Amino acid sequence: MVASERNTQPAAAALQSGAGSTMLVVGIHREERAFGELVAQGIEHAGVSVLRIPEGLSGRHPRADQRFHYETLHRALYLQLLPYVLGHYRLLIDLHTGIDSLGPSADLISANSELLDCLSKHANADDTVDERKLRCLRLEDGGASVTKTIIPERVWNNPAFVYLGMEIYLPEAVQDLAAAAEFARRLVVIAAECVEAGTHRSGPVRLA
């Protein structure tokens, strides 16, 4: 599956199925695919399925004259996720990366406030996660959004499943990437456990 700069036709995506109701997507941005593979290693043992995008888009910010085309391709790629999720999974985790010299740290982004509350609560109780390095950000469907996105609302605010964007900020030192991957993997597992425990509504809530 791909919406590349050359076309928006889907290519074969590799779905590694787990036993649970969570799907992790890696490679939406091709520069982030390698880290996504590190995070995905062994994640199936936690019941998490992994969807690998073989030819993702560039994560670099486009020039002003390229923005419309870039955003169109982005939306097309995200809409191609729906057949993989609908009727199969209750949680879609969309993994991305950034840079933080003091990392690893993370932004957790969702329209579902109950999922964010669950993540914050369980991260605070987890000795392997430093809650000071987490930010929970809410997506909203109107008015002044806490966080805005070009991702289609059919993806991030779908009544059939919960969307969680996970932006992992990586340390600059390459030797610290393994620790960053473990940090991300633990957050994925906590999110999956929140869903399996039913500590959220069946779909994204519309926030006031």
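Here are some worked exercises on this predicted model.

**Exercise 1. Get the overall picture of the chain: how many helices and strands does the chain have, and in what pattern do they follow one another?**

Start with the tally: the secondary structure comes to six helices and seven strands. Next, walk along the sequence, and you'll read off β-β-α-β-α-α-β-β-α-β-α-β-α. Now check burial: 51% of the 208 residues count as buried. The accessible surface comes to about 10,000 Å², and carbon and sulfur atoms own 52% of that. Finally, look at contact range. Take the contacts between residues at least 6 apart in sequence, and 82% of them join residues at least 24 apart.

**Exercise 2. Find the residues that touch the most other members of the largest nonpolar core, then work out which elements supply the core.**

The core in question has 37 residues, and Leu24, Leu164, Met166, Ile168 and Leu187 touch the most other members. For the suppliers, ask which elements give at least two residues each. On the strand side these are strand 2 (22-26), strand 3 (48-52), strand 4 (91-99), strand 5 (105-110) and strand 7 (162-170). On the helix side they are helix 1 (33-40), helix 4 (113-124) and helix 6 (177-196). Helix 6 gives the most, with 12 residues.

**Exercise 3. Pick out leucine 164 and list its contacts, skipping neighbours within four places in sequence.**

Group the partners by number. Leu91, Leu92, Ile93 and Asp94 form one run, while Leu108, Ile109 and Ser110 form another. Leu115, Leu116, Leu119 and Ala191 complete the list.

**Exercise 4. Which strands pair with strand 7, and in which sense, parallel or antiparallel?**

Take strand 4 to begin with: strand 4 and strand 7 pair in the parallel sense over nine bridges. Then turn to strand 5, which runs antiparallel to strand 7 and is joined to it by five bridges. Here serine 105 stands opposite tyrosine 169. As for cover, eight of the nine residues of strand 7 are buried.

**Exercise 5. Decide where the buried residues of helix 2 sit around the axis, and what they pack against.**

Check the geometry before anything else. Helix 2 (residues 67-79) has 13 residues and reaches 18 Å from first C-alpha to last, close to the 18 Å expected at 1.5 Å a residue. Its buried residues are Tyr70, Leu73, His74, Leu77 and Tyr78. They cover an arc of only 130° around the axis, so they lie on the same side of helix 2. The spacing rule behind this is a handy one: an α-helix has 3.6 residues a turn, so residues three or four places apart point the same way. As for partners, the buried residues of helix 2 pack against helix 3 (82-85), strand 4 and helix 5 (153-156).

**Exercise 6. Is threonine 22 buried or exposed, and what is it in contact with?**

Locate it in strand 2. Its relative accessibility is 1%, so threonine 22 counts as buried, the cut-off being under 20%. Leaving aside neighbours within four places in sequence, threonine 22 is in contact with Gly47, Val48, Ser49, Tyr89, Leu91, Ile93, Ala192 and Val195.

Methods. Residues are numbered from 1 along each chain as its sequence is written. This is a predicted model: local features need pLDDT of at least 70, side-chain atom pairs count only at pLDDT 80 or more; totals for chains, interfaces and linings use all residues. Side-chain values use heavy atoms; hydrogens and water are left out. A nonpolar core is a set of buried Ala, Val, Leu, Ile, Met, Phe, Trp, Tyr and Cys residues joined through side-chain atoms within 4.5 Å. Buried means under 20% relative accessible area, exposed over 50%, partly exposed in between (1.4 Å probe, protein chains only). Helices (H or I, at least four residues) and strands (E, at least two) are DSSP runs, numbered from the N terminus. Contact means heavy atoms within 4.5 Å. Two strands pair if DSSP finds at least two bridges between them. The expected span of a helix is 1.5 Å times one less than its number of residues. The arc is that of the directions from the helix axis to the C-beta atoms. Accessible areas come from the Shrake-Rupley method with a 1.4 Å probe; for residues, only the protein chains shown count as cover.
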